[in-house]
Every structure is written in structure tokens, then in C-alpha cells.
Amino acid sequence: MAPGPTFTPGAVFDALADRHDAARWAPSPGGLDDHVDALLAQMAAQGTGSVVALGGGSGPELREFAKLGWSCTLVDTSTRMLALAARRLGPAVRYVQEDAVRYMTVQPERSAGTILHVGEILGYVEDPEGLVRASARAMSADGNLVQTFVDAARMRGRLGESSVRHFSGGYWFLERRDPPLPMAAFDISLVLGWHATHGLEPIHRRLGPGPRCVVVSRLADQPRRSSHEPGSLPPPPHRRGPM
């Protein structure tokens, strides 16, 4: 993958933090965030363990895990996001200001339980495959990787050709212009290929309704489990409108 435009995600998200916090803690009914929140709530309710949210922002993905006594870590580069998360979640969560790839690279092998790449962090880091690789190495045998990202095929129709910068398997585009926020969109086959290359097996996948996708993977060749197993869960209830 070609390197993206030079930018400082933490500084950009400092400027966007309050707006992002308000939107993410009250997702639009029927959207992908609504589906992901329901999925995570079901996972959290099936037991306790450790969970790390990479690029976790103000922490909405951890709300049910923290409430139910999981060991929670939130990693983000934005000072303001971490402050908002601490206000929302309090001392139930450990807060780390660090680049997600660097953080996961130094974690002991098979030491992490549930790992969250929610909030499309895959599209903001300089080495997205490196993030998948490091997460797969650190993930425990009973862990899951929950990952959201922008589907290049679905996003392409919303963008002019002159506004994208292609790489093999996707392209960079400006998610926002003020402040400028570059983001990568990926072919689904590329992301699933990274999962397979680094020993992960998808057990849940959902598209849309917009251009985003969620994939849940576990370590390949692990026996089916009755707990922490989103592949065995029914779809979240359509309690607030159609998905």
C-alpha cells in the first residue's frame, strides 16, 4: 500500500473531538454504528475479559464492556478525545496516548482478548496491514478482532476521480477539508486477504447501509466457542429502524 498524505491524526481529531463525541455516542438509528454498538453490547454481555479499543476516540465502543467489568484499555493519539473518554467512562478504563500500530507491536504475543478497530482506524494509520498483523499476533486464542473500514467500491460513487489518490487495493481521499483529514478506503478483498495472511478467520461481516463495512475475525483453526463468539449471535434487533 502506498503511504498516505502527511498529516497528524491526533491534532486533527483534537479539533473534531467534541463534534465526533456527540455524534458517536448517539448514532443515527439504523446505521452501521447502531449495528456495531448492538454487536459489541452482545459480546460484552457474554462474559468478562480484556478489551482494547485502538483509535477509540471518546470511548463509545467500550461503554458496555466497562459497565460489565471488563479490563478496558483505550488507545488514541488525540489529547482531547482521551479527555472526553475519561469524562464519559471514568476510572474503569486505562487511557493510553499512543499510535495504535506502535502500541500493538510491543504487546506480548497472545496477551490481548477482544481488539477493536472501530471508528475506521484502518483508514487513518500509515501501515494498516501492520495494524492487522500486530493485532493478530497479540490476540489470544479466545479473542476477537472487530474492525470497521470504508469499502472502496461503495465510496467511489461519492467521489470525483480527481479527488482520490490510488494505491493497489484502494485509494486515499479527503474525508474532511476543514480541518483536512485524509482517509483510506479499501477493497474488501484486500482487508480479508490481510486477515487470512496473518492467521485470522472472519466469522461475521456486514455492509452498509452506507460505504462502511464491519468484519469480526478470530484466530483461524480455533474450535467454535459458546462465549465471546459473535458468529453465533443473532442479528441485533431492528429496534430503531431497518439496517
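Predicted model: local features only at pLDDT ≥ 70, side-chain atom pairs only at ≥ 80, totals over all residues.

Student: Which residues in α6 are buried?

Tutor: Pro128, Gly130, Leu131 and Val132, then Ala134, Ser135, Ala136 and Ala138.

Student: OK, and what sits in the loop between β4 and α6?

Tutor: Glu120 is found there. Its phi is positive, about 65°, although Glu120 is not a glycine.

Student: Is Glu120 buried or exposed?

Tutor: Buried. Its relative accessibility is 9%, and the cut-off for buried is under 20%, so Glu120 counts as buried.

Student: Which other non-glycine residue has a positive phi?

Tutor: Arg110 has one of about 60°. You'll find Arg110 in the loop between α5 and β4. With a relative accessible area of 39%, Arg110 is partly exposed.

Student: Let's do β4 itself. Which way do the side chains of β4 point?

Tutor: Strand β4 is residues 114–117: Thr114 and Leu116 point one way, Ile115 and His117 the other way, and all are buried. As background, side chains in a regular strand alternate between the two faces of the sheet.

Student: And which strands does β4 pair with?

Tutor: β1 is one of them: three bridges join β1 to β4, and the two run parallel. β4 also pairs with β5, again in the parallel sense and over three bridges.

Student: Since you mention β5, where is Leu145?

Tutor: Leu145 is in that strand, β5, which spans residues 145–150. Leu145 has a relative accessible area of 1%, so it is buried. The C-alpha atoms of Leu145 and Thr114 are 6.0 Å apart, while the two residues are 31 apart along the chain.

Student: How many residues line the second largest pocket, and which lie nearest its centre?

Tutor: There are 14 lining residues, and Ser50, Val52, Thr73, Tyr103 and Ala112 lie nearest the centre.

Student: Which elements supply at least two residues of that lining?

Tutor: β1 (50–54), β2 (71–76) and α5 (100–105) each do.

Student: How do the lining residues divide by type?

Tutor: Six are nonpolar, seven polar and one charged.

Student: Now the antiparallel part. What's the strand order in the open sheet of three strands?

Tutor: β6-β7-β8, with antiparallel pairing. The edge strands are β6 (165–167) and β8 (180–186), and each of those pairs on one side only. Neighbouring strands in this sheet are turned by 30° against each other on average, ignoring direction.

Student: How many bridges join β7 to β8?

Tutor: Seven, with β7 (residues 170–177) and β8 running antiparallel. Arg177 stands opposite Pro180 in β8.

Student: What's in the loop between β7 and β8?

Tutor: Pro179 is found there. The peptide bond from Asp178 to Pro179 is cis, with omega near -5°.

Student: Where is Pro209, and what about the peptide bond from Gly208 to Pro209?

Tutor: Pro209 is in the loop between β9 (200–207) and β10 (212–219). The bond from Gly208 to Pro209 is cis, with omega near 15°.

Student: Last topic, cysteines. How many disulfides does the count come to?

Tutor: Zero, going by a rule that needs a pair of cysteine sulfur atoms within 2.5 Å.

Student: And are Cys72 and Cys213 buried or exposed?

Tutor: Cys72 counts as buried at 4% relative accessibility. Cys213 is buried too, with a relative accessible area of 0%.

Notes
Residues numbered from 1 in each chain as written. Heavy atoms only, no water. 1 Å grid on protein atoms, 1.4 Å probe; cavity = no way out; pocket = protein on both sides within 12 Å on 5 of 7 lines; lining within 4 Å. Helix = DSSP H or I, 4+ residues; strand = E, 2+ residues; numbered from the N terminus. Nonpolar A, V, L, I, M, F, W, Y, C, P; charged D, E, K, R; others polar. Buried < 20%, exposed > 50% of the residue type's maximum accessible area, 1.4 Å probe, protein only. Pairing = 2+ DSSP bridges. Axes fitted to C-alpha atoms, helices over the stretch in contact; angles between N-to-C directions.
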